[in-house]
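Thank you all for coming.

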Amino acid sequence: MAQSGMAPRWRGDGRELFHMAPDNRIMSAEIGPKGDHLEVGAVRQLFETRSPQSPFGAYDNSADGRRFLVVTDVDQTNSEPITLVVNWTAALLK
């Protein structure tokens with residue numbers, strides 16, 4: 001069965017390809033050499049996101065493929081405030 005997706009990203013060693021499925025799931029496919037061509041392994045879901053659709057992708061992965069940074073839509077009616085603490089190292093000295 002053919003898979004569709006957008007915004008492909010390679011793992012640093014080139015042995016895995018990530019992409020965003022049309023329903024905002026981050027997917028993974030193992031890639032490996034087979035003779036004179038590449039073979040694509042099974043495609044599996046890694047996780048679901050609330051990321052806005054973008055042909056360029058609203059995510060990126062670390063070189064080892066273990067961490068992802070994903071731009072996420074936030075529900076403004078149900079969000080908590082963010083507290084930013086500046087100069088926090090000065091408080092450690094007290």
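When I name a secondary-structure element, I mean a DSSP run, with helices being H or I over at least four residues and strands being E over at least two, numbered from the N terminus. What you see is a predicted model, in which local features need pLDDT of at least 70 and side-chain atom pairs count only at pLDDT 80 or more, while totals for chains, interfaces and linings use all residues. Residues are numbered from 1 along each chain as its sequence is written, and side-chain values use heavy atoms, with hydrogens and water left out.

Let me begin with the backbone. Most residues other than glycine have a negative phi. Asn 24, however, which lies in the loop between β2 (16-20) and β3 (25-34), has a positive phi of about 70° although it is not a glycine. Asn 87 also has a positive phi, of about 55°, and is found in the loop between β6 (68-70) and α1 (88-92). Are these residues buried or exposed? I call a residue buried under 20% relative accessible area, exposed over 50%, and partly exposed in between, using a 1.4 Å probe and protein chains only. Asn 24 is buried at 15%, whereas Asn 87 is exposed at 58%.

Now to the interior. A nonpolar core here is a set of buried Ala, Val, Leu, Ile, Met, Phe, Trp, Tyr and Cys residues joined through side-chain atoms within 4.5 Å. The largest such core has five residues, namely Ala 7, Phe 18, Met 20, Ile 26 and Tyr 59. If we take contact as heavy atoms within 4.5 Å, and leave aside residues up to four places away in sequence, Tyr 59 touches, among others, Pro 8, His 19, Leu 69 and Val 70. The charged end of Arg 9 sits over the ring of Tyr 59, 4.8 Å from its centre; that wording requires NZ of Lys or CZ of Arg within 6 Å of the ring centre and within 35 degrees of the ring normal.

The structure holds two aromatic pairs. Phe 18 and Phe 68 are edge-to-face, at 5.0 Å centre to centre and 85° between the planes, and this pair links strand β2 to strand β6 across 50 residues. Phe 18 is buried at 0%, while Phe 68 is partly exposed at 22%. The rings of Phe 47 and Phe 68 have centres 5.3 Å apart and planes at 70°, so that pair is edge-to-face as well.

Finally, the charges. A salt bridge is a side-chain nitrogen of Lys or Arg within 4 Å of a carboxyl oxygen of Asp or Glu, and the structure holds seven of them. One joins Asp 13 to Arg 11, with the closest N and O atoms 2.8 Å apart, and a network of salt bridges links Arg 11, Asp 13, Glu 16 and Arg 44. Another brings Lys 34 and Glu 39 together at 3.3 Å, N to O.

Technical notes: Phe/Tyr/Trp six-rings, centres within 6.5 Å; stacked < 30°, edge-to-face > 60°.
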